[in-house]
Amino acid sequence: VTDNADTKPKLNIDNSAVKLSTPGTYNVIYTATDASGNTSSVTVTLTVKAKPDHFVSPDVIYAKADAILAKFITPDMTDREKVEAVYVWTRRAVHLTYGSAPKGFDHESADWLQTAYQLINRDVTKGDCFFFFAAQKLLLQRLGIPTIDCEKIYDGDSHHYWLLVSVDGGKSYYHMDNVWSQVLCLVT
């Protein structure tokens, strides 16, 4: 909250209508008040969704990812070498057969972190580009390597997902796609 005269306006958040244990849509009202008593409010919608049946907590997912990375990442590796190692691991070690996503999988509502866990935990044996994308994003984030999500939509309903990755702290980004090539394409 900012004000052109008051450097510390007060912010009140009214989330009394929200029931985190009950799925639904709720209003949350943010009200800012400056030292002169002027107020401004905005109402936002908060959606509470039911936890999926097979939900895995992020802490469990991160621990699994870190254990996997510890098997092939060493402290002396450059960021480029780490990216290449993640690429090779997702290409060869996960044994995912590329094909249609599992029955009932919906890209539009998919949680990339939960999808990544399905792949690294080997809960799925067949999946599409979203599974590779999600697993690579997870592993690279755990390594502190900047990524940018990419999605291409064909004919309005067919999607392709991949990443742009940086090996120089975010100064430049390179194409990383496990699906269409047998080698990592690190070109701008």
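Mentor: Happy to! F130, F133 and Y161 are joined into a cluster by ring pairs. Keep in mind that this is a predicted model, where local features need pLDDT of at least 70, side-chain atom pairs count only at pLDDT 80 or more, and totals for chains, interfaces and linings use all residues. Residues are numbered from 1 along each chain as its sequence is written, and side-chain values use heavy atoms, with hydrogens and water left out.

Rings of Phe, Tyr and Trp (its six-membered ring) pair if their centres lie within 6.5 Å; planes under 30 degrees apart count as stacked, over 60 as edge-to-face and the rest as tilted. By this rule there are 4 aromatic pairs. In one of them, the ring centres of F130 and Y161 are 4.8 Å apart and the planes meet at 80°, so this pair is edge-to-face. Because F130 belongs to helix α4 (residues 129-142) and Y161 to strand β7 (residues 158-165), the pair ties together parts 31 residues apart in sequence. Here helices (H or I, at least four residues) and strands (E, at least two) are DSSP runs, numbered from the N terminus.

Y161 also forms a tilted pair with F133, at 5.8 Å centre to centre and 35° between the planes. That pair links distant parts of the chain too, with F133 in helix α4 and Y161 in strand β7, 28 residues apart.

F130 and Y161 are both buried, Y161 with a relative accessible area of 7%, and F133 counts as buried at 4%.

Key: Buried < 20%, exposed > 50% of the residue type's maximum accessible area, 1.4 Å probe, protein only.
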